[in-house]
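Let's take a walk through this model together, starting with the whole chain and then stopping at a few of its parts. Keep the viewer open as you read.

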Amino acid sequence: MWSRLLATVFAVLLLQAPATADVKDRVAALAPSGLVFVLDEDGNELLAQNADKPFVPASVAKLVTAWLAMEVLGGDYRFKTQFYLGEDRVLYVRGGGDPFLVSEELAVLAPKLLEETGTEPFTGIVVDASYYPAELSIPGIEATDEAYDALNSALAVNFNTINARRNGQTVRSAEEQTPITPLAISQFRARGPNGRSRISLTQEDPSIGIRYAGELLAAFIERSGGSVEGEISLGPVPAGLTPVYVHEQSRDLAEILRQMLIGSNNYIANQVFLEIGAQREGGPVSLDKSIRVAREIFAAHDVPDAMQLVEGSGISRDNSFTARGLARVLGHFAPHAELLRKTRAGSRYKTGTFSGVSTLAGYARTAEHGDVRFVISLNGGGKLRFRLLTAIERGF
């Protein structure tokens, strides 16, 4: 009996060894200079090609931000925006860094606000954005009109961007759910191309994005049966006022992270990253606070010191990961793998792309080893990373 059992085990090992060799050869043939690292569910190395080279993660960094957010904030966390009513019905709004304050959310928010304040006209809106310091600067964010370069803010709507359609000097909203406002029209006339596009709010004057948030809020207040008769300005909430309404984001953090990972939204990623530091060390937000908290969590979970995260979206080339460090993070993030995109074979993944950088990481569905953790980094070739993933799926 024992001889038959040993023979069976030996036969299985003989079958597995060529399969493993085949996938290693396949990976080496497809990408001889590429980084490919694969671990099974128990942390055993299945494949380690160029695995000790640090690499720039690009948007794969969002996986680490998502894990840190789950560790610090929790999946049921909800961002808050506070509203105060001052003398002569001036409406004060204190931004709390909500990354998903989109038009659909304002449509929910405005009627609830009027339930608490009544529909008598507001004599003005004052926006308090002091939760984010004015001098905040995110590495890798450049002064362009591109939506992926949108500035982070304590109060911003629609990811601090405008989606509009321009025909000469005529500007209309490109979204049925979003009213066009005077500031949106002037911004698009100045910087938007003809046709439909999405642009970030100007970076030369960050207050423009905050005032646009106030304008859009006023438009939704009017849609809900209220009105704003005065100006929209920036300033602090007066001491002694207590909130008349605190709006909790309808999406919990888990859903926001899912949208961030699937859409690879840089703005959302850094709003979440900044909240991590503020929750642990108190407001206002600070990039230094979040980086410090990230390092503390890395140390507590035996993530290698070589993992360097300078911002939360991956837009900076100064982010630097190791394959083993990221694979360890993937091990901790595994309970939340359903937040990631899925291949036809059932693998979950996140991509990252820069000029000269092509990354892919996640959980590959395999026949012999179940879901294995994988990290891929190439100097180029966006499609090649998926061919390598397919080799991993079929080879293990």
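The protein chain exposes about 17600 Å², and carbon and sulfur atoms supply 49% of that area; accessible areas come from the Shrake-Rupley method with a 1.4 Å probe, and for residues only the protein chains shown count as cover. Before going further, note that this is a predicted model, in which local features need pLDDT of at least 70 and side-chain atom pairs count only at pLDDT 80 or more, while totals for chains, interfaces and linings use all residues. Residues are numbered from 1 along each chain as its sequence is written, and side-chain values use heavy atoms, with hydrogens and water left out.

Now for the overall picture. Along its principal axes, the C-alpha trace of the protein chain spans about 90 × 45 × 35 Å. The protein chain holds 10 helices and 14 strands; helices (H or I, at least four residues) and strands (E, at least two) are DSSP runs, numbered from the N terminus. Of its 396 residues, 53% count as buried, where buried means under 20% relative accessible area, exposed over 50%, and partly exposed in between (1.4 Å probe, protein chains only). Contacts (heavy atoms within 4.5 Å) also tell a story: among those between residues at least 6 apart in sequence, 69% join residues at least 24 apart. As for charge, the mean positions of the 39 positive and 46 negative charges are 9 Å apart. For that count, Lys and Arg are positive and Asp and Glu negative, with His and the chain ends not counted; each charge is placed at NZ of Lys, CZ of Arg, CG of Asp or CD of Glu.

Let's zoom in on helix α2, residues 61–72. How many of its 12 residues are buried? The helix is mostly covered, with 11 of the 12 buried, including Leu63, Trp67 and Met70. The buried residues of α2 pack against helices α6 (253–263), α7 (266–281), α8 (287–300) and α9 (323–333), and also against strands β12 (348–354) and β13 (357–366). The expected span here is 1.5 Å times one less than the number of residues. After α2 comes glycine 74, whose phi is positive, near 90 degrees.

Two of the partners of α2, β12 and β13, belong to an open sheet of 6 strands with antiparallel pairing, in the order β2-β1-β14-β13-β12-β11. Its edge strands are β2 (45–49) and β11 (341–342), each pairing on one side only. Two strands pair if DSSP finds at least two bridges between them; β12 and β13 run antiparallel and are joined by 7 bridges. Threonine 353 stands opposite serine 358 in β13.

Elsewhere, strand β5 (residues 124–128) has 5 of its 5 residues buried. In a regular strand the side chains alternate between the two faces of the sheet. Both faces of β5 are covered, with Gly124, Val126 and Asp128 on one side and Ile125 and Val127 on the other. Strand β4 (residues 90–94) pairs with β5 in the parallel sense over 5 bridges, and tyrosine 92 stands opposite valine 126 in β5.

The loops have some backbone features worth a look. In the loop between β5 and β6 (161–167) sits asparagine 158, a residue other than glycine with a positive phi, near 50 degrees. Asparagine 158 counts as buried because its relative accessibility is 6%. In the loop between α7 and α8 you will find proline 284, and the peptide bond from glycine 283 to proline 284 is cis, with omega near 0 degrees.

Is aspartate 302 buried or exposed? At 55% relative accessibility, aspartate 302 counts as exposed; its phi is positive, about 55 degrees, although it is not a glycine. Glycine 325 lies in helix α9 and, at 0% relative accessibility, counts as buried. Glycine 325 and aspartate 302 are 23 residues apart in sequence and 8.6 Å apart in space, C-alpha to C-alpha. Leaving aside neighbours within four places in sequence, glycine 325 is in contact with Val303, Pro304 and Met307.
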